[in-house]
Amino acid sequence: MVVSIVLALEMAAIGTPKVLQISTVRDSAEHLGVSVDLDRMIGISQLAAAVGLLLGIAFPTLSVVTGAAVCLLMCGAVRYHIKAQDKTVAMVPAVVTAAIAVAIFVLAADIASTTNL
């Protein structure tokens, strides 16, 4: 539960500036070769993930789906970092976030299978 809340806060914190296209976030997206439209879509997806993670506390099946989606988003982030030839250290936040999302996926799947929700 705490992990879901922390990841939801992270998703909201990194998704909101993308939706609003704040200049520092836009600069980072340009470096990665991400268009404005795609950057906004990623931000909307991250905000949706924040909602899904919070609702998933009550509905574990939703956490399973959201954990998988966040993991896929982070795989995409790593791919863009590789494409931009960034150093490995730039990929660490996405890798750690993906690992947390996988943990939520596994824990929520276990809970969902025992509660039939």
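The legends below describe close-up views of a predicted model.

**View 1. A network of salt bridges links Arg 26, Glu 30 and Asp 39.**
The structure holds 2 salt bridges. Side chains of opposite charge can pair when their charged atoms come close.

Arg 26 counts as buried, because its relative accessibility is 12% and the limit for a buried residue is under 20%. Asp 39 is likewise counted as buried, at 3% relative accessibility. Glu 30, by contrast, is exposed, as its relative accessible area is 51% and exposed residues have over 50%.

**View 2. A nonpolar patch on the surface is formed by Met 1, Ile 5, Leu 9, Leu 54 and Ile 57.**
Together, these residues have about 490 Å² of accessible area. One of them, Ile 5, is part of helix α1, which covers residues 2-20. The relative accessible area of Ile 5 is 33%, so this residue is classed as partly exposed.

**View 3. Gln 21 has a positive phi in the loop between α1 and α2.**
Most residues other than glycine have a negative phi. The phi of Gln 21 is near 55 degrees, a positive value in a residue that is not glycine. Gln 21 is buried, with a relative accessible area of 14%.

**View 4. Gln 85 also has a positive phi, although it is not a glycine.**
The phi of Gln 85 is about 60 degrees. This residue is found in the loop that lies between α4 (60-83) and α5 (88-115). Gln 85 is exposed, with a relative accessible area of 72%.

**View 5. Arg 79 lies over the face of the ring of Tyr 80.**
The distance from Arg 79 to the ring centre of Tyr 80 is 5.1 Å. As for pairs between aromatic rings, the structure holds 0 of them.

**View 6. Two stretches, residues 45-78 and residues 90-112, carry the feature "transmembrane region" in UniProt.**
This annotation comes from an unreviewed entry. Over residues 45-78, the chain is 88% helix and 0% strand. The C-alpha atoms at the ends of residues 45-78 are 16 Å apart. Over residues 90-112, the chain is 100% helix and 0% strand. The end C-alpha atoms of residues 90-112 are 34 Å apart.

Note on methods
Residues are numbered from 1 along each chain as its sequence is written. This is a predicted model: local features need pLDDT of at least 70, side-chain atom pairs count only at pLDDT 80 or more; totals for chains, interfaces and linings use all residues. Side-chain values use heavy atoms; hydrogens and water are left out. Patches are made of residues with over 30% relative accessible area and no salt bridge: like charges are joined within 9 Å, nonpolar side chains (Val, Leu, Ile, Met, Phe, Trp, Tyr) within 5 Å. Accessible areas come from the Shrake-Rupley method with a 1.4 Å probe; for residues, only the protein chains shown count as cover. A salt bridge is a side-chain nitrogen of Lys or Arg within 4 Å of a carboxyl oxygen of Asp or Glu. Helices (H or I, at least four residues) and strands (E, at least two) are DSSP runs, numbered from the N terminus. Buried means under 20% relative accessible area, exposed over 50%, partly exposed in between (1.4 Å probe, protein chains only). UniProt positions are given in the numbering used here, feature names are shortened, and annotations may be inferred rather than shown by experiment. Rings of Phe, Tyr and Trp (its six-membered ring) pair if their centres lie within 6.5 Å; planes under 30 degrees apart count as stacked, over 60 as edge-to-face and the rest as tilted. A charge sits over a ring if NZ of Lys or CZ of Arg is within 6 Å of the ring centre and within 35 degrees of the ring normal.
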